[in-house]
Number of protein chains: 6
Amino acid sequence: MAHMAQQEGEDVARRAFKLKAFVEHLQECVSSIERCSKPVIAAVRGGCVGAGVDLICACDIRLCTHDAWFTVKEIDLGLAADLGTLQRLPRVCGNESWVRELAYTARRFDAREAYERGLVSAIEPTAEAMRDGALKLASVIASKSPVAVCGTKAALNYSRDHSVEDGLVMQRIWNMAALQSEDVGIAAAAAAHMGGRGKTQPTAFSKL
Amino acid sequence: MAHMAQQEGEDVARRAFKLKAFVEHLQECVSSIERCSKPVIAAVRGGCVGAGVDLICACDIRLCTHDAWFTVKEIDLGLAADLGTLQRLPRVCGNESWVRELAYTARRFDAREAYERGLVSAIEPTAEAMRDGALKLASVIASKSPVAVCGTKAALNYSRDHSVEDGLVMQRIWNMAALQSEDVGIAAAAAAHMGGRGKTQPTAFSKL
Amino acid sequence: MAHMAQQEGEDVARRAFKLKAFVEHLQECVSSIERCSKPVIAAVRGGCVGAGVDLICACDIRLCTHDAWFTVKEIDLGLAADLGTLQRLPRVCGNESWVRELAYTARRFDAREAYERGLVSAIEPTAEAMRDGALKLASVIASKSPVAVCGTKAALNYSRDHSVEDGLVMQRIWNMAALQSEDVGIAAAAAAHMGGRGKTQPTAFSKL
Amino acid sequence: MAHMAQQEGEDVARRAFKLKAFVEHLQECVSSIERCSKPVIAAVRGGCVGAGVDLICACDIRLCTHDAWFTVKEIDLGLAADLGTLQRLPRVCGNESWVRELAYTARRFDAREAYERGLVSAIEPTAEAMRDGALKLASVIASKSPVAVCGTKAALNYSRDHSVEDGLVMQRIWNMAALQSEDVGIAAAAAAHMGGRGKTQPTAFSKL
Amino acid sequence: MAHMAQQEGEDVARRAFKLKAFVEHLQECVSSIERCSKPVIAAVRGGCVGAGVDLICACDIRLCTHDAWFTVKEIDLGLAADLGTLQRLPRVCGNESWVRELAYTARRFDAREAYERGLVSAIEPTAEAMRDGALKLASVIASKSPVAVCGTKAALNYSRDHSVEDGLVMQRIWNMAALQSEDVGIAAAAAAHMGGRGKTQPTAFSKL
Amino acid sequence: MAHMAQQEGEDVARRAFKLKAFVEHLQECVSSIERCSKPVIAAVRGGCVGAGVDLICACDIRLCTHDAWFTVKEIDLGLAADLGTLQRLPRVCGNESWVRELAYTARRFDAREAYERGLVSAIEPTAEAMRDGALKLASVIASKSPVAVCGTKAALNYSRDHSVEDGLVMQRIWNMAALQSEDVGIAAAAAAHMGGRGKTQPTAFSKL
């Protein structure tokens with residue numbers, strides 16, 4: 001990118017169009033995680049820097065080890081973060097104040113601060129424990145109806161960028177088909193079978 | 001709803017239209033709390049599950065007892081929550097990460113977690129204490145100018161779903177009439193009378 | 001304003017137009033902080049009341065002393081806060097629930113609560129320590145590329161009020177010019193020189 | 001409304017809240033036409049003035065007799081049209097310039113001008129011819145699949161107020177259920193039977 | 001601007017910031033016409049080229065002489081029109097197709113085409129006739145209630161950039177104060193006095 | 001698609017997900033024309049039906065022969081048009097009224113009506129004349145600065161779906177780089193050379 005931006009003798013606007021296409025390509029790579037119809041879990045150990053932060057902000061849930069650390073690094077490279085951190089981090093954490101400090105200073109922050117501000121959902125003592133935790137979480141999600149899981153992710157993605165009213169409209173249009181799924185009956189039967197005991201019996205939903 | 005969705009022999013699209021109408025009706029029931037011109041306080045004891053979470057998210061302020069617990073349960077019924085939780089909970093708490101975990105897993109969480117994430121404003125030891133707390137809070141709000149209270153709720157509802165600039169425009173149009181209220185003078189006089197002592201003397205505002 | 005609103009004998013609509021113009025003027029004063037191309041740091045000691053809260057919400061980062069206190073006071077004056085608190089505070093803190101309680105009750109809250117809810121980024125023991133902290137933070141930001149800092153603020157302001165997708169589009173258009181800055185090369189060279197040691201050597205960027 | 005607005009001795013803000021509720025009620029009456037799931041055809045003869053224009057703008061298609069005339073009359077009553085003309089007429093006609101002239105001057109315009117600017121779709125010589133035309137148009141629409149007709153109206157209403165991209169997203173979610181309708185097969189069979197001759201054979205779709 | 005854009009030896013990004021500030025300043029000049037609380041009438045004779053088109057698109061109503069001509073000229077200067085033509089012309093005329101052809105080719109078009117596409121509301125034979133026509137139109141508007149005229153312009157500006165629903169909400173909030181104006185009574189009395197005869201008697205409204 | 005929608009024995013929701021993916025794929029094909037950075041000209045002869053109308057609405061400019069005809073055909077297939085006609089046609093023509101009639105009735109309309117409503121920019125007597133006309137128009141556009149042409153298309157696409165204010169903001173950010181193009185100087189020099197004579201001398205801009 002540096003090479004592209006600084007090439008001698010070329011017209012500023014022509015370089016600009018190439019840079020735009022290149023940034024768009026990188027943005028698409030990151031956004032494809034968000035657009036994945038299934039939830040994506042990020043597991044962070046060691047440093048998560050620059051594009052690493054862009055990446056994990058496009059995931060649904062984030063875990064890390066107790067020695068993980070994070071930096072919104074782009075300001076130290078002379079540029080504004082352009083792969084999604086400035087757009088998604090304030091929504092992930094809901095704290096514009098904290099995000100601004102991080103983005104203006106490139107201050108390093110640790111696992112504890114990431115947890116307190118809501119960037120990560122859990123801190124695990126070791127990389128192994130984190131991997132186990134992530135897989136266990138993934139298993140729980142995978143045991144649910146895929147129609148329900150993918151519908152929930154679609155709704156959360158949509159609602160983030162629309163008004164509550166628009167989100168409700170989309171939800172009832174979505175459910176015109178989704179509520180007719182056989183999964184509703186299967187899940188209801190399983191829930192009835194389990195009573196109020198709060199456990200989930202494995203149920204076999206068809207693949208989506 | 002299950003009955004409606006699974007009826008044999010009917011056309012998929014015709015069932016779909018009926019389901020949409022039914023979900024819209026239920027959504028309206030929940031949204032009517034949000035549209036109520038006065039603030040609404042929710043007091044939760046015991047389990048708050050599924051539609052219960054939809055309901056309290058449409059309220060202004062939430063209290064709970066220390067033994068209350070919560071579940072975004074819909075995924076266990078094979079469907080995406082469709083009465084507002086997926087739209088409102090991320091805005092109530094400002095933590096998309098936490099909401100996603102709850103919505104994908106139907107994990108049960110307790111009063112402490114609800115408080116730390118901002119879902120409830122206070123935890124009370126007993127149901128009686130909670131009722132007293134809710135009534136006291138309601139009394140404080142009821143002692144204020146109803147023109148000011150209803151104007152504040154209208155502004156907060158509007159601003160949540162519009163840009164800051166749009167919110168400011170709405171506010172100054174709203175205040176074209178509201179600032180001419182006699183309540184402004186009454187409140188100013190009461191404030192002057194109380195000096196800087198930070199207490200509020202009962203003032204008698206007309207009913208709205 | 002009270003004088004303007006209560007003038008005898010004038011037409012309600014004509015008073016309304018004057019009030020709107022006056023509120024717009026005051027809103028512009030507050031919004032000009034937000035529109036300042038450089039980050040603005042607020043340092044609060046003592047009471048921060050009414051318009052004070054409007055003001056600090058339009059800043060990028062907030063610090064306070066341990067004895068600072070805050071009140072969203074307007075409801076006690078018989079009006080809805082109209083200079084930005086109701087629009088910006090929910091976005092600064094990401095906790096609509098807390099904001100509603102404060103706005104409906106005019107409850108006073110202290111530095112600790114402001115910190116826990118994310119309104120302020122740090123609490124300092126004394127006014128001197130706070131001034132030093134604010135200046136140190138400002139120095140760190142001032143040592144970064146001004147092209148990167150101003151680009152980051154522009155992106156954060158824009159993204160707050162647009163969808164993630166709109167924010168990404170704006171970012172790549174902005175970077176058509178910004179990535180061609182000499183600052184990118186200067187910052188990259190400085191970063192390379194510093195190795196992975198996590199410190200930032202002073203680099204001399206041209207004024208913007 | 002005049003009575004409500006001018007009542008002596010009442011607080012300006014309290015009158016304001018009553019007026020808002022009253023206008024909202026009237027707006028809902030007009031908007032209910034737009035929200036009707038089936039297309040609505042307006043047939044105008046004689047004068048269509050003030051609220052009449054609000055009303056026909058909420059319809060899908062408008063016909064008139066050659067001696068019909070129209071006025072956006074509200075400015076002559078000392079108020080801005082508040083039941084939808086200022087919102088819908090620019091979208092119905094797509095000519096902001098013409099709408100502004102009409103709204104500022106309350107100028108009367110005739111059937112010919114209404115047709116040329118796209119407000120009405122056809123001019124009929126007599127009231128009888130117009131009624132026949134409207135009924136014939138309604139019969140054509142009624143002969144189509146109700147799933148397709150209602151889906152088309154829902155899409156047009158939604159798309160008018162959303163971006164093209166948002167409209168496309170809504171459309172594909174809607175069609176998740178609608179494309180599974182038996183009507184698709186029935187209509188395809190009927191179309192095949194008719195060949196390329198451009199006529200539509202009566203087909204019997206179930207009621208929606 | 002050319003001078004600013006091509007200055008040797010300066011950093012691309014620093015030039016970019018200066019250009020942005022300069023374009024913003026020019027845009028504000030044009031937009032101030034649109035923001036003027038009263039309607040603005042443009043009268044065009046001779047050529048209306050480039051910034052001239054930007055200017056008249058920010059007006060409410062446009063007249064021209066029969067020999068007037070127009071060009072969206074910027075493409076011939078190697079740039080995209082940046083003072084509002086590309087944003088406002090499609091809304092003024094409601095014909096995206098025509099606008100695109102004009103903007104891509106800088107084709108000159110005459111008064112007749114401008115009238116047919118809705119850019120101008122009337123064509124006058126001479127400059128004097130046009131001046132008279134514009135003044136007469138202005139007089140008609142000036143004879144109406146200024147509360148109603150300014151409210152109508154505010155509503156049309158707002159509604160152009162918001163959904164119908166948002167426009168209706170704004171309208172009823174605006175009318176909380178505006179319907180309490182003495183102008184409503186004055187206008188109603190004048191209208192009653194005139195009967196159904198369709199003329200407007202001069203009424204004396206206070207200045208706004 | 002029909003096959004996909006009607007497959008026996010499969011779960012409604014699972015079919016729904018496949019249909020959504022399929023429609024999205026087709027929508028992308030059509031939208032790629034709109035996203036093409038250069039203007040696209042459609043030339044229509046004979047019938048333009050269903051997906052044909054979706055396709056030409058995603059183009060920038062449309063020409064047709066005098067015997068061309070058009071139908072928004074989807075309603076006769078039992079479905080709502082889902083590849084963009086319902087979203088784009090009202091914006092291309094700016095006449096919601098006409099679009100609704102066409103979409104509800106699948107009425108066939110001819111070249112003359114398409115021209116009068118603004119769907120096509122010109123009608124040519126023969127297919128050869130149309131091809132020549134399209135190529136000539138393309139040549140005129142190709143003779144302009146590609147930086148200016150692509151910038152104009154990007155602005156028109158963006159402005160269609162955003163407020164005027166958002167469009168102006170995007171424009172000045174875009175021009176941060178574009179105004180530094182060598183094309184501005186080349187075009188200015190050519191314009192100066194041509195004087196006020198209104199012709200365009202061929203100028204050689206670099207490829208983009």
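How many residues from chain F and from chain A does the contact take? Some notes on that and on the salt bridges follow.

1. The contact takes 21 residues from chain F and 21 from chain A, with contact meaning heavy atoms within 4.5 Å. Keep in mind that this is a predicted model, where local features need pLDDT of at least 70, side-chain atom pairs count only at pLDDT 80 or more, and totals for chains, interfaces and linings use all residues. Residues are numbered from 1 along each chain as its sequence is written, chains are lettered from A and ligands numbered from 1 in the order in which they are written, and side-chain values use heavy atoms, leaving out hydrogens and water.

2. About 1,500 Å² is buried between chain F and chain A, and carbon and sulfur atoms give 70% of that. Buried area here is the accessible area (1.4 Å probe) that two parts lose on being put together, summed over both.

3. The interface of chain F and chain A has 2 salt bridges, counted when a side-chain nitrogen of Lys or Arg is within 4 Å of a carboxyl oxygen of Asp or Glu. Arg14(F) pairs with Asp183(A) in a salt bridge, with 3.0 Å between the closest N and O atoms. α2(F) gives the most, 6 residues.

4. Over all chains the salt-bridge count comes to 102. One that joins two chains is Glu24(D) with Arg172(E), at 3.3 Å between the closest N and O atoms: Glu24(D) lies in helix α2 of chain D and Arg172(E) in helix α9 of chain E. Arg172(E) is buried at 9% relative accessibility, while Glu24(D) is partly exposed at 29% (buried is under 20% relative accessible area, exposed over 50%, partly exposed in between; 1.4 Å probe, protein chains only).

5. Within chain E, Lys153(E) and Asp60(E) form a salt bridge at 2.8 Å, closest N to O. Helix α8 holds Lys153(E), and the loop between α3 and β3 holds Asp60(E), 93 residues apart. Both residues are buried.

6. In chain B, Arg91(B) and Asp161(B) meet in a salt bridge at 3.9 Å, N to O. Arg91(B) is buried at 19%, and Asp161(B) is partly exposed at 23%.

Conventions. Helices (H or I, at least four residues) and strands (E, at least two) are DSSP runs, numbered from the N terminus.
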